[in-house]
Amino acid sequence: MQILDIETVELIDEISALRIIDQTLLPGEVKIIDLKEIEDIWQAIYLLQVRGAPAIGVAAGFGIYLAAKKISDDLSYDDFYKEFVKAKDYLNSSRPTAVNLSWALNRMDDLVKMNSDKTVKEIKKMLHDESVLIKEEDTAMCKSIGEYGLSLIKPGDGLLTHCNAGQLATSKYGTATAPMYLGYEKGYNLKIYCDETRPLLQGARLTAYELSSKGLDVTLQCDNMVSALMREGKINAVFVGCDRVAANGDAANKIGTSGVAIIAKHYGVPFYVCAPSSTIDFNIKTGDDIVIEQRKPEEVTEMWYKERMAPNDIKVYNPAFDVTDNDLITAIVTEKGIAKAPYTESLKELFKK
Ligand code: MRU
């Protein structure tokens with residue numbers, strides 16, 4: 001069985017579990033884990049066992065359903081809702097940057113609020129169906145992004161990507177990788193260049209792994225090799241995913257993305273951000289309002305090394321994401337179409353908000 005045949009995030013309702021691939025172990029070990037307690041789901045998101053904005057959203061949808069399922073059917077609506085909100089707020093605290101987390105939780109919350117006249121049992125059934133729908137919609141959005149993205153590339157292109165915005169970050173196809181998979185199926189003979197993506201190596205461990213296991217032509221490079229590649233003319237376009245797009249098109253994605261965009265602009269390489277609507281946050285005007293997750297120093301100084309590779313008491317700067325300014329982005333590829341600057345207008349037009 002190939003890695004892409006395994007569901008990234010799955011609800012196993014019969015045993016009340018969220019089933020995921022533990023992504024911290026890839027590519028060395030493919031381990032499927034079942035999470036039954038809300039604390040385990042929180043931890044899995046926090047530790048990046050399940051990661052990537054859309055996959056986090058899908059996991060949160062299933063997670064809050066499973067938490068709600070545990071609440072007694074005998075409670076009044078108000079008491080049920082109190083417990084529900086407690087679980088929702090808890091899950092929402094697992095990671096701050098990907099808006100898909102709160103987007104999915106708020107969607108489930110809205111459903112509960114709209115159905116205050118129903119029994120707890122009926123509400124649970126609705127939460128189940130909604131969580132399944134969130135996943136199905138994610139797959140459909142990724143597919144559509146793939147089709148729009150494909151219109152931006154031509155056979156033989158060299159495409160660069162950063163981090164993992166692949167199937168492992170979504171329910172299927174990925175966002176930035178969706179046009180790559182589609183191009184592959186159409187015989188485009190694409191050459192994919194994956195940034196290693198320090199410090200957690202999502203590019204090396206996940207993107208290079210999932211694309212090459214499907215048979216795509218993949219080359220891995222360290223993050224600091226992007227300008228050399230572009231100067232040599234090897235890259236025709238950059239495709240990246242994102243964790244939160246502000247209304248003006250500023251886009252937060254894995255740390256290092258904005259540097260790639262700056263280099264791409266220098267060499268005249270188009271830079272595309274792939275964003276399902278679940279990643280677009282119309283409530284914030286610009287990227288300045290995006291909360292950037294700061295992670296542990298050990299990810300920089302120790303992780304992956306046989307021994308510590310920095311002085312013991314060194315100060316470490318380790319933001320997990322950065323914001324790419326909208327003027328560095330050639331286009332934002334969504335499931336509804338391709339948005340170009342000015343993004344405040346084009347995104348609003350696409351989603352009619
Ligand atoms: O910290 P991670 O691995 O969750 O970061 C993931 C990314 O930055 C992805 O590019 C982003 O979530 C888009 S996934 C389609």
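Here are some friendly notes on the predicted model above, going from the overall fold to a helix, a sheet and a single loop residue.

1. **Ground rules.** This is a predicted model, in which local features need pLDDT of at least 70 and side-chain atom pairs count only at pLDDT 80 or more, while totals for chains, interfaces and linings use all residues. Residues are numbered from 1 along each chain as its sequence is written, and side-chain values use heavy atoms, with hydrogens and water left out.

2. **Overall shape.** The protein has 11 helices and 14 strands; helices (H or I, at least four residues) and strands (E, at least two) are DSSP runs, numbered from the N terminus. A compact globule of 353 residues would have a radius of gyration near 20 Å, and the protein agrees, with 20 Å. That radius is taken over C-alpha atoms, and the globule rule is 2.2 Å times the number of residues to the power 0.38. Along the principal axes, the C-alpha atoms fill a box of roughly 65 × 50 × 40 Å.

3. Of the 353 residues, 55% count as buried, where buried means under 20% relative accessible area, exposed over 50% and partly exposed in between (1.4 Å probe, protein chains only). Among contacts with a separation of 6 or more, 75% come from residues 24 or more positions apart; contact means heavy atoms within 4.5 Å.

4. **Helix H7.** This helix covers residues 202–214, and its 13 residues reach 17 Å from first C-alpha to last, close to the 18 Å expected at 1.5 Å a residue. The expected span is 1.5 Å times one less than the number of residues. H7 has a kink of about 30° centred on Ala208, the bend at a residue being the angle between axes fitted to the seven residues ending there and the seven starting there. Ala208 is also one of the buried residues of H7, which include Gln202, Leu206, Thr207 and Glu210. Just after the helix, Gly215 takes a positive phi of about 110°.

5. **The seven-stranded sheet.** An open sheet of 7 strands runs in the order S6-S5-S4-S7-S10-S13-S14, with mixed pairing; two strands pair if DSSP finds at least two bridges between them. S6 and S14 (337–339) are the edge strands, each pairing on one side only. From one strand to the next, the twist averages 25°. H7 packs on this sheet, touching S4, S5 and S6, and its direction makes about 160° with that of S5. Helix H9 (residues 257–267) also packs there, touching S4, S5, S7 and S10, at about 145° to the direction of S10. For such angles, axes are lines fitted to C-alpha atoms, for helices over the stretch in contact, and values run from 0 to 180 degrees between N-to-C directions.

6. **Two antiparallel pairs.** S13 (residues 331–334) is joined to S14 by 3 bridges and runs antiparallel to it, with Ile332 opposite Ala339. S2 (residues 17–21) and S3 (residues 32–35) are likewise antiparallel, joined by 4 bridges, and Ile20 stands opposite Ile33. Ile33 and Leu35 form the covered face of S3, whereas Ile32 and Asp34 form the uncovered one.

7. **Asn164.** This residue lies in the loop between S4 and H6. Is Asn164 buried or exposed? Asn164 counts as buried because its relative accessible area is 4%. Beyond its neighbours within four places in sequence, Asn164 is in contact with Arg51, Ala169, Gln202, Leu206, Thr207 and Glu210. Arg51 is 113 residues away along the chain, yet the two C-alpha atoms are separated by 9.2 Å.
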